[in-house]
Amino acid sequence: MIEMKSRPSIIGFGNSVGKLEGDGPLKEYFDLTDTDSKFGMKTWEKAESEMIRQAVSITLKKAHLKPGNIELAFGGDLSNQCTATALGMRGFNIPYAGLYGACSTFALGIGLASISIESGKFSTTMAISSSHYSSAERQYRFPLEYGCQRTPTAQTTVTGAGCVILSKDTKSYPYVSAFVPGTICDLGITDANNMGAAMAPAAADTVLKYFSITREDPNNYDYILTGDLGAEGHKIFTDLCLKNGLALGKNSNDCGKMIYNLKEQEVNSGGSGCGCSASVFTAFVMNEFMENKIHDVLLIGTGALLNPSTVLQNETIPGIAHLVRIRREQ
Amino acid sequence: MKFILCFIIGGLFCVIAQILIDKTALTPARILVLYVVSGVILTGIGIYKPLVEIAGCGATVPLTGFGYCLADGVEKAVNEHGFIGVFTGGITATSGGIASAILSSVTAALFFNGKPENL
């Protein structure tokens, strides 16, 4: 675990999401909601890049900063070679480090952006992550036009991009106080339709590691949020923690369950994708922090490290989970 | 009566596929391939043709029916042209179905854009 003595503060946050997310329970929290998830573009991939560009622009504007103020940006998404983020960041002239952590990319980005500030070499950094339902379907499963049925345990990739700007100037902003980088955990899951089960062990591993180091009571946190385990995966995660002596209470939830209304929207087992934790964190969680309603949150980004080829080769699905602790003084 | 049987048999094929989707890790593509291959095998052992006679479209419309068409085509071609029929019979018999699928897909793609089913 890396404790951030310099308190890298989140001085800016912003997001841009698609229609399904904008119709969901967090609708009042999003900065921008697109009417049809195409963001005025001709293809889904271009739409995702445009959504990223908007999230970055909105975040800079809200923080009263220019692109030139950002010394290093960490960003990634689910597309082949993470081009969605690369093309979205094009034109800002911000030093850019592409990342891949699957759906854990946002938490990973926050962790690395904070370490950059903690190192003393950077004063303002950025983390950006996104996903888009339609480009993810083409990437991982089948293009939309294929029209296939989805299983009940499948999750719906969130169409959303979230961005944060971190600075060493603390003032009274929420700050990153700790980062636990995850290790790759593989318990032999091969079902690409049930990624919650593949990622839950990694989430449990990282969370148990955190609590064994800090020895704190999990009930002291306002929220302990996993990125996108979904309904099924979150249950497996909770059981795994309990088996290892960590009882999680009502403050434990999953961004994939929060971003959609699981009963009324057709989202099967809940939200997933890099954009899931990115949009829930920058919309709901950050707003709660700024309104002084919460003061201590754990965000555990969870990722399934597979690609279409590994699935076809009957490879198992390894998971990874990165944890960041965000606090704000009362 | 044939209408009722048509819907029951066709519906049962759909139910089996839905159970496979819900309860197994089989991808839709694998299930479809499974259906085609099953159709071929069931035709080969003589079960499918009687089913087509009883249920009509209920047996020919599901993808097992495509397997039936392939196998039946091979049988006819072998009877008419000998061994070469093994290679020519299946595609020839299903050529109408394949061509109309391609034509309608291209037409749909020309006039419409795909969009997520949950929006």
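Is Arg325(A) buried or exposed? In this predicted model, Arg325(A) counts as buried, because its relative accessibility is 7% and the limit for burial is under 20%. The residue belongs to strand β13 of chain A and is paired with Glu216(A), which sits in the loop between α6 (195-214) and β9 (223-226), 109 residues away. The two side chains form a salt bridge in which the closest N and O atoms are 3.3 Å apart. Glu216(A), at 29% relative accessibility, is partly exposed. Through shared partners, salt bridges connect Glu216(A), Asp296(A), Arg325(A) and Arg327(A) in one network.

Over all chains, 15 salt bridges were counted. One of them joins Glu329(A) to Arg7(A), with an N to O distance of 2.9 Å. Glu329(A) lies in the segment after β13 (319-327) and Arg7(A) in the loop between β1 (2-3) and β2 (9-17), so this pair ties together parts of chain A that are 322 residues apart in sequence. Both partners are partly exposed: Glu329(A) has a relative accessible area of 44%, and Arg7(A) one of 34%.

Chain B contains 6 helices and 0 strands, in the order α-α-α-α-α-α along the sequence. Its C-alpha atoms fill a box of roughly 55 × 35 × 30 Å along the principal axes. Of the 119 residues in chain B, 29% are buried. Among contacts in chain B with a separation of 6 or more, 54% involve residues 24 or more positions apart.

A salt bridge within chain B is formed by Asp72(B) and Lys49(B), at 3.0 Å from N to O. Asp72(B) is in helix α5 (residues 63-81) and Lys49(B) in helix α3 (residues 48-55), so the pair ties together parts 23 residues apart in sequence. Asp72(B) is buried, with a relative accessible area of 10%, whereas Lys49(B) is partly exposed at 37%. Chain B carries 6 positive and 6 negative side chains, and the centres of the two sets are 7 Å apart.

A nonpolar surface patch of about 930 Å² includes Met1(B), Phe3(B), Ile8(B) and Ile19(B). Ile8(B) is located in helix α1 (residues 2-23) and is partly exposed, with a relative accessible area of 45%. In helix α6 (residues 85-111), Ser95(B) is likewise partly exposed, at 38% relative accessibility. The C-alpha atoms of Ser95(B) and Leu70(B) are 9.8 Å apart, with the two residues separated by 25 positions in sequence.

Definitions and conventions:
Residues numbered from 1 in each chain as written. Chains lettered and ligands numbered in written order. Predicted model: local features only at pLDDT ≥ 70, side-chain atom pairs only at ≥ 80, totals over all residues. Heavy atoms only, no water. Patch = residues over 30% accessible without salt bridge, like charges linked within 9 Å, V, L, I, M, F, W, Y side chains within 5 Å. Areas by Shrake-Rupley, 256 points an atom, 1.4 Å probe, with all protein chains shown as cover. Salt bridge = Lys/Arg side-chain N within 4 Å of Asp/Glu carboxyl O. Helix = DSSP H or I, 4+ residues; strand = E, 2+ residues; numbered from the N terminus. Buried < 20%, exposed > 50% of the residue type's maximum accessible area, 1.4 Å probe, protein only. Contact = heavy atoms within 4.5 Å. Lys, Arg positive; Asp, Glu negative; His and termini not counted. Charge placed at Lys NZ, Arg CZ, Asp CG, Glu CD.
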